[in-house]
Amino acid sequence: MTRALPLLLAAAIIAASSASRLATPDLGLNFSPDKIAHFLVFGLLATLLLRNPEFLHARWKGTLAAALIVALFGSIDEYRQSLTPGRAVEYNDWLADTLGAITAVAAYRCLPLYRGALEWKPFHRRNANS
């Protein structure tokens, strides 16, 4: 399941960016909530990728690779989005994607509390000998 989650999220991102218009709520903020969504969703994608054993066991190389793959995916998605009627490429979207990926993988790698929260298994049975 760990390997399927990044693929499912990437497919959802592609589906969402294929729509001519996306509904976004007006939160009354001076900046676009769209950038926050890009930051969070691409950060999640990078974290899901990093949690795969191939990336996790590669330590910092795996961390960097996860961030770079997501940044590349974000740039390709922005370009592909430009081919969709009613949509355009936004450099700031890609920047939010990349910053979200970098922030998420750095937090996962450097903050034990954050990593522990993501790895928490509430229904995991403990070994009776522990």
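Guide: A residue is called exposed when its relative accessible area is over 50%, and buried when that area is under 20%. The model shown here is predicted.

Visitor: Why is Leu 8 called exposed?

Guide: Leu 8 has a relative accessibility of 54%. The cut-off for exposed is over 50%, and Leu 8 therefore counts as exposed. This residue belongs to helix α1.

Visitor: Which residues is Asp 77 in contact with, leaving aside its neighbours within four places in sequence?

Guide: With those neighbours set aside, Asp 77 is in contact with Ile 13, Ile 14 and Ser 17.

Visitor: What makes α1 roughly antiparallel to α2?

Guide: Helix α1 covers residues 4–17 and helix α2 covers residues 33–50; their axes cross at roughly 155°. Angles over 145 degrees count as roughly antiparallel, and α1 is therefore roughly antiparallel to α2. The two axes come within 8 Å, and the crossing of α1 and α2 is left-handed.

Visitor: Which residues of α1 and α2 meet?

Guide: From α1 come Leu 5, Pro 6, Leu 9, Ala 10 and Ile 13; from α2 come Val 41, Phe 42, Leu 44, Leu 45, Leu 48 and Leu 49. Sorted by class, the contact of α1 with α2 has 11 nonpolar residues, with no polar and no charged ones.

Visitor: What makes Leu, Pro, Ala, Ile, Val and Phe count as nonpolar?

Guide: Each of these names stands in the group that is counted as nonpolar, whereas the charged group consists of Asp, Glu, Lys and Arg.

Visitor: How many helices and strands does the protein chain have?

Guide: The protein chain has six helices and zero strands. Read from the N terminus, its elements follow the order α-α-α-α-α-α.

Visitor: What part of the protein chain is buried?

Guide: Of its 130 residues, 32% are buried. The accessible surface of the protein chain is about 8900 Å², and carbon and sulfur atoms account for 67% of that surface. Among contacts between residues at least 6 apart in sequence, 71% join residues at least 24 apart.

Conventions
Residues are numbered from 1 along each chain as its sequence is written. This is a predicted model: local features need pLDDT of at least 70, side-chain atom pairs count only at pLDDT 80 or more; totals for chains, interfaces and linings use all residues. Side-chain values use heavy atoms; hydrogens and water are left out. Axes are lines fitted to C-alpha atoms, for helices over the stretch in contact, and angles run from 0 to 180 degrees between N-to-C directions. Helices (H or I, at least four residues) and strands (E, at least two) are DSSP runs, numbered from the N terminus. Angles under 35 degrees count as roughly parallel, over 145 as roughly antiparallel, 65 to 115 as roughly perpendicular and the rest as oblique. A crossing is left-handed if the near helix is turned anticlockwise from the far one by less than a right angle, and right-handed if clockwise. Contact means heavy atoms within 4.5 Å. Buried means under 20% relative accessible area, exposed over 50%, partly exposed in between (1.4 Å probe, protein chains only). Accessible areas come from the Shrake-Rupley method with a 1.4 Å probe; for residues, only the protein chains shown count as cover.
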